[in-house]
Amino acid sequence: MSISESVHSSPTAATTATENTRSTSIRSTFKAQSAIESLSSIITTVPDSPNPFSSLLIDPEIASQISSLIRQADAGAGNDNLCRWLYDTFQSTDPQLQLVVLRFLPILAGVYLSRVTLRKPLAGFEAVLLALYTHETTSRSGQSMTVNVPDISHPSIYHESNTTMKDNATNLNLAVISPSLEPHGTVRSTKRARIVGVALELYYSKISQLPVASKIDFCEFCEAWASGGDHDQQDSSVNSNGEGLELGERERMRIPLSWELVQPILRILGHCLMGPNQDNILFDAAYCACKSLYGRCLHDINPIAMLATGSLLSLAELSLDSQNDYIDYTEIRMTNAISL
């Protein structure tokens, strides 16, 4: 292609890209408006908004109505209209609409895990959780998630090692943070924690785009999952909608906490405690949840969870130190004085 042809083709390519972007935006807006129209037949009031995505994601009136419906005693059944709406909205494959569904995952997962032992039909909740699990399984091609962690047997600028170096010393020291995924068509009791845990992993991957209210809901459910109705906890608590949780309800909300659940829970709490744009109410809720979770790990004598939760709690307590008078021995301080 000649230079002149390249110059003439560039505006055409740019125009095509712009048109494609505009077309995608129009389709997304149409999907959002359709979702709002469908939701208007389920909840009583849908405020008018020029931005349908923002209305679905952060509007407090819509959030309050959806949260109340999820918390109802008969919610989560196979014929639940709200669960069907959440499922269809997530299956729309529109990233922004999928974010709307994730916004309500803490309440949905919290109510589901707290009621599953009551032997009530919760096929509606399970359909939504399976949709999230299947999405994550497909996006990861079923592969595990790994990270390369430091190996203290190798010397670094901070320490020396007495261990003899091996031939494979340069090999990566990989740690699996999320095992490989298998497809599931139903939620069995032996796979329930894994399915919900993967849904929480998906929630964590989008957490920076989610509103603070959703994260506060998550922290409150975490505290209830961990502490339940323990005598060293308060007899009642108040959720973000101002609804009290009586002692009997908190006792039902205490659930088994396997590592498959604890691991994504700690990642989400870590963001709430130390993420950017800190919110004081969110920090307090996450700190209380972390303390309850640590006490639960001590009660269950779970060494791995105790170490992870205790470390996160220590980091949170350091951030509470307003004086910030602790010493960071890894920091290289600049000074003009010469120490002999």
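At what angle do α9 and helix α11 (residues 259–274) pack, and how far apart are their axes? Select both: they pack at about 130°, with axes 11 Å apart. Axes here are lines fitted to C-alpha atoms, for helices over the stretch in contact, and angles run from 0 to 180 degrees between N-to-C directions. Helices are DSSP runs (H or I, at least four residues) numbered from the N terminus.

Before going further, some ground rules. This is a predicted model, where local features need pLDDT of at least 70 and side-chain atom pairs count only at pLDDT 80 or more, while totals for chains, interfaces and linings use all residues. Residues are numbered from 1 along each chain as its sequence is written, and side-chain values use heavy atoms, leaving out hydrogens and water.

Back to the pair on screen. The crossing is left-handed, meaning that the near helix is turned anticlockwise from the far one by less than a right angle. Show side chains for K215, F218, C219, C222 and W225 in α9; they meet I265, I268, L269, H271 and C272 in α11, where contact means heavy atoms within 4.5 Å. By class, that contact has 8 nonpolar, 1 polar and 1 charged residues (Ala, Val, Leu, Ile, Met, Phe, Trp, Tyr, Cys and Pro count as nonpolar, Asp, Glu, Lys and Arg as charged, and the others, Gly among them, as polar).

Among the α8 residues in the contact are A193, V196, L200 and Y204, and the α11 side includes L261, P264 and I268. The residues divide into 9 nonpolar, 2 polar and 4 charged.

Next, pick D217 and R103. Their side chains meet in a salt bridge at 3.8 Å, N to O (a side-chain nitrogen of Lys or Arg within 4 Å of a carboxyl oxygen of Asp or Glu). D217 sits in helix α9 (residues 212–227) and R103 in helix α5 (residues 95–103), so the pair ties together parts 114 residues apart in sequence. The whole structure has 5 salt bridges.

Now jump to helix α4 (residues 81–90) and helix α7 (residues 123–139), which pack at about 15° with axes 8 Å apart. They are therefore roughly parallel. C83, L86, Y87 and F90 are the α4 side of the contact, with F125, V128 and L132 among the α7 residues.

Last stop: color by pLDDT, the predictor's confidence in each residue, from 0 to 100. The average is 82, and 77% of the residues score at least 70. Over residues 229–238 the score stays under 50, and it also stays under 50 over residues 240–248.

Key: Helices (H or I, at least four residues) and strands (E, at least two) are DSSP runs, numbered from the N terminus. Angles under 35 degrees count as roughly parallel, over 145 as roughly antiparallel, 65 to 115 as roughly perpendicular and the rest as oblique.
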